[in-house]
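User: Could you walk me through this structure? I'd like to chat about how the pieces pack.

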Amino acid sequence: MEPIEAGVFYTQTVGFLAAMIVFTAFVMLAQGKLITLINSFALQGFLLALITVVVAKVLGYRHLYISAGMTLVLKGMMIPWLLRYLVVRMGLHRHVDPAERPVHLMLIGASLVVFSYYVTLPIVRLSMLETRNILAVSMATIFLGMLLMISRRLAVTHVVGFMVIENGLFFSAVVSTYGMPMVVELGIAFDVLVAAVLFGVFFFQIRESIDSLDVDKLNRLREEQE
Amino acid sequence: MTWLLNILEPLLFIAAAPLFAGWIKWLKCLAQNRKPPMPWQPYRDLAKLFRKETLVAEQASWIFYTAPYIIFSVAVLAATVVPFVSVDMPTAEIADVIVLVGFFALARFFQALAGMDIGTAFGGMGSSREMTIASFAEPAFLMAVFTLAVSASTTNLSAAIEYHLAHPHLIHPSYVFAALALMLVAIAESGRIPVDNPATHLELTMIHEAMILEYSGRYLALIEWAAQIRLMIYGVLLANVFCPWGIAQDTGLSELAVGVVAIAVKLAILNMVLVASETVLAKMRLFRVAQYLGFAYFLGTLGMLIHIVVEVGT
Amino acid sequence: MIAVYLILLVPIIGMGVLGLYGHRHRAGRTNVEFNACALAATIVLAWIVLDRGPILSGDKLFYIDAFNVYLIGLTALVGLTTAIFSGPYMENERLHGRLNNRRLRLYYAMYQGFMLAMYLVLTTNNMGLLWVAMEGATLATVLLVSLYRTPEAVEAAWKYFILCGVGIALALFGTILLYFAAEHINGMGADGLTWSVLYERGAELDPTVAKIAFVFLLVGYGTKIGLVPMHSWLPDAHSEGPTPMSAILSGLLLNDALYAVVRSKMIIDRAVGTQQAGLLMMCFGMVSFLVAVLLLHRQRDIKRLFSYSSIEHMGTMTFAFGVGGGLATFAALLHMTVHSLTKSAIFVTVGHAAQIAKTQRIDNIRGLINTQPMVGWGLLIGTLAIAGFPPFGVFVSEFLVLVATMETYPWLTLPLLLGIGIAFAGLFRHLHPMVYGTAPEGQKPVEANMAPVFLHLLIVLWLGLSIPGVLSNWFGEATRLISGERLL
């Protein structure tokens with residue numbers, strides 16, 4: 001066996017982790033059980049931190065270690081923990097928020113991957129980075145997060161979808177530009193944290209007002225007919 | 001030399017197939033705290049069936065008589081396509097993986113016809129279920145295999161394995177998906193839990209067993225044996241295509257010995273995975289099988305997409 | 001430079017102080033004082049910029065030129081006048097038991113938080129920070145929308161949160177793409193998100209990536225502008241939140257989101273070298289304008305009515321910026337100013353009207369001019385101004401937009417003219433009974449401070465009659481920056 005070159009190892013590992021990230025997004029798309037959903041989200045955050053560490057290690061970008069740490073703490077631990085706590089506290093931990101027509105959903109998800117590939121094709125041609133192809137995967141993750149939000153009814157799932165979008169954004173920043181400048185990175189992390197807390201507040205407000213977390217029941221505000 | 005080997009290898013394959021099946025049963029019993037039959041029990045069963053008198057229903061047509069032979073010989077042919085101990089098999093180079101799928105389809109076709117031939121309710125039901133599952137499983141199988149084929153630029157199994165061995169450092173993310181998809185398909189196609197339960201003859205749930213309910217004696221022996229070969233083909237396919245390390249690349253004696261040990265170890269690992277999943281999972285409702293195989297198909301598609309998106313051009 | 005830091009520091013302190021003491025009786029006045037301080041700092045800043053040209057802070061984190069300094073001034077002014085209005089208004093709400101001390105503290109703290117986010121959006125030179133501040137503005141206002149905790153308010157807030165959150169995520173993706181494109185220019189280093197550097201070297205950006213980035217930026221920030229079809233949060237959030245918040249959302253947030261789009265467009269135009277970005281903006285602007293105009297007729301809630309009018313005007317501005325060229329850009333800048341002044345004045349008046357009638361339903365608001373003439377007149381004049389009647393400023397800016405369109409895309413003037421006519425009819429059929437109808441029994445006037453309303457309307461009137469030299473120079477400079485054409 002020939003020795004593994006660092007460059008090839010890097011590309012392959014990052015590619016593999018990227019595939020796993022998009023796979024976790026699909027798992028969330030198919031998964032109805034809230035706790036499993038949150039766990040897959042935590043796994044995704046963990047993978048994201050891992051991919052950041054790999055990029056930081058191989059390419060020697062010091063500041064990415066900080067980003068990786070923040071991702072791990074924020075998206076791998078804190079937000080999943082918060083969501084789990086809220087779900088258990090609201091007695092929803094055995095609750096299932098099923099996707100209607102899961103097969104269709106999967107096919108739509110797969111076509112979103114194709115679509116993002118198509119969109120990023122001209123971008124990818126420009127770049128000489130080894131990870132340039134993964135931009136399509138990260139964009140697909142963003143779209144899959146949106147699909148997750150559209151296809152479900154429960155506020156908790158919407159929040160997970162929102163956070164998957166955030167993951168996709170961070171992911172795309174890591175693979176396309178090796179992270180954003182530190183100020184921006186900190187700002188985004190702060191925004192995400194505040195958003196997570198506000199979502200928690202909203203769970204209680206929504207439940208207080210409609211006695212459930214089914215967002216489909218939030219339908220009082222419509223264009224009224226004359 | 002290679003041709004000699006090429007004859008010997010499928011023979012070994014066919015001979016080992018009952019042992020593989022028995023081994024699974026043995027391990028499963030152990031895992032579930034039951035007293036296991038010896039791993040070579042299937043050989044005794046087969047021998048007993050061959051000795052026994054063969055009874056055939058009055059209404060049986062020629063299909064019923066010939067089907068077991070066709071099924072068995074197709075299984076043997078299929079075994080020649082899959083590289084077992086060494087890569088360098090002339091027959092494996094002639095036929096590619098699509099032929100393999102064709103073989104499976106042919107065997108299934110005759111099995112289903114034979115199941116309906118007598119006209120009992122169970123036979124027809126089993127055939128219909130088998131075809132339903134097959135219509136979902138085949139695309140998933142092909143999709144998984146295509147993922148493989150695209151990255152190795154060949155549909156030939158030997159060539160694909162050789163390509164892999166030549167590029168040992170490639171961790172293909174797409175392979176993870178393809179392997180998972182293939183595993184799901186293999187479970188469905190070889191009639192294991194959670195799709196079918198090989199250990200039961202409960203009327204309403206059985207699929208494969210329902211089709212062969214009318215067979216006895218040597219016919220039954222041939223069909224059972226063919227089923228064991230098929231199970232082993234899936235096992236070897238998973239083992240050799242996704243982790244080809246250790247397979248013999250030329251015909252040296254030591255290489256072959258390593259090859260035999262390697263495949264045995266790989267099958268043992270697969271065996272454990274299978275036993276674990278069968279012990280943990282319960283059989284699912286028939287109507288959920290479509291979803292299950294849909295998931296397999298989806299995994300195959302995802303593997304293909306990931307391959308195109310991530311791997312091409314890097 | 002100190003003025004910039006001061007502008008940012010004042011709301012930070014304000015947030016802390018009002019977060020602790022926001023329930024005190026004096027809180028309303030304290031809020032006004034903080035906003036007055038910010039306005040004073042803004043005036044100093046504007047004077048410096050007008051005197052010496054654009055300033056760039058040492059670390060390239062802040063950049064002030066004619067374009068954003070005028071928006072900062074506008075923000076500070078509207079922030080101050082709305083604060084003047086909000087003091088008695090919130091006190092009244094507390095007396096009616098709709099608010100408790102905790103929510104009042106939250107309200108004042110978030111008011112300052114929102115102002116901080118707006119100032120940061122306007123002053124920053126970093127496209128990433130711009131995004132962070134824009135998201136921060138959402139986060140600051142989302143709890144204000146649900147302040148009353150009614151099911152409708154919670155629903156509106158949730159919609160606002162989710163839609164703007166997702167929308168703005170797309171803008172971040174666009175920002176990342178922009179950074180990605182910038183990293184391929186030699187010697188960019190860490191300046192890949194710095195607006196002033198990007199603008200200088202815009203021509204070196206890869207046009208394809210820039211185009212894709214702009215689509216994401218436009219859709220993302222467009223959600224906040226309230227462009228159709230991402231507009232559905234806007235009427236809900238405006239109608240269910242407290243009225244001062246509707247005023248600052250309409251008067252400031254929408255403007256600043258548009259500011260972000262225009263800033264992006266300035267870079268992209270250099271990279272692409274064609275009108276494509278402008279065409280895209282024209283499309284979105286025109287669709288928003290027409291849809292909002294038609295929906296005006298179907299509204300039964302007074303705040304929803306005027307929020308659709310906001311969508312209509314934001315559509316017009318987006319369209320005008322899209323048309324590009326000196327005249328259209330000048331018109332768009334003027335329209336931004338007069339719309340935000342008029343609309344915040346209208347929302348303040350509407351707030352009083354709703355308190356008088358104790359409802360927001362148009363059918364139940366009657367005879368304002370008899371019950372409380374000042375409110376009635378305010379609503380009447382405000383609506384006249386916003387509908388584009390001469391001699392108000394909105395008339396001038398809309399006229400200029402029409403002229404600019406006539407010069408470049410003549411056939412598009414027809415839908416514009418038609419739309420303005422329909423909007424006019426839509427506003428007045430609702431307005432007339434509200435102002436002149438017979439007042440229901442027992443309707444009593446409320447304590448109202450109409451000074452800010454008339455101040456705004458006076459400025460709008462003045463801008464309609466003659467634009468003072470300082471301001472026209474200022475607009476001219478901003479126009480030159482954005483469109484590259486010297487108008488005056």
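Analyst: A definition to start: axes are lines fitted to C-alpha atoms, for helices over the stretch in contact, and angles run from 0 to 180 degrees between N-to-C directions. Helices (H or I, at least four residues) are DSSP runs numbered from the N terminus. This is a predicted model, where local features need pLDDT of at least 70, side-chain atom pairs count only at pLDDT 80 or more, and totals for chains, interfaces and linings use all residues. Residues are numbered from 1 along each chain as its sequence is written, with chains lettered from A and ligands numbered from 1 in the order written.

User: OK, at what angle do helix 1 and helix 10 of chain B cross?

Analyst: Roughly 90 degrees, and the axes of helix 1 (residues 2–31) and helix 10 (residues 217–242) of chain B come within 8 Å. The two helices of chain B are therefore roughly perpendicular (65 to 115 degrees) to each other.

User: Which residues make that contact?

Analyst: Contact means C-beta atoms, placed from the backbone, within 7 Å. Helix 1 of chain B brings residues including B:F13 and B:F20, and helix 10 of chain B has B:W225 and B:M232 among them.

User: Switching topic, which chains have the most contacts?

Analyst: Chains A and C, among the 2 pairs that touch. That contact takes 39 residues from chain C and 38 residues from chain A.

User: Which helix of chain C gives the most there?

Analyst: Helix 6 of chain C, with 18 residues.

User: And how far apart are chains B and C?

Analyst: Their closest C-alpha atoms lie 18 Å apart, and no contact joins them.

Conventions:
Parallel < 35°, antiparallel > 145°, perpendicular 65-115°, else oblique.
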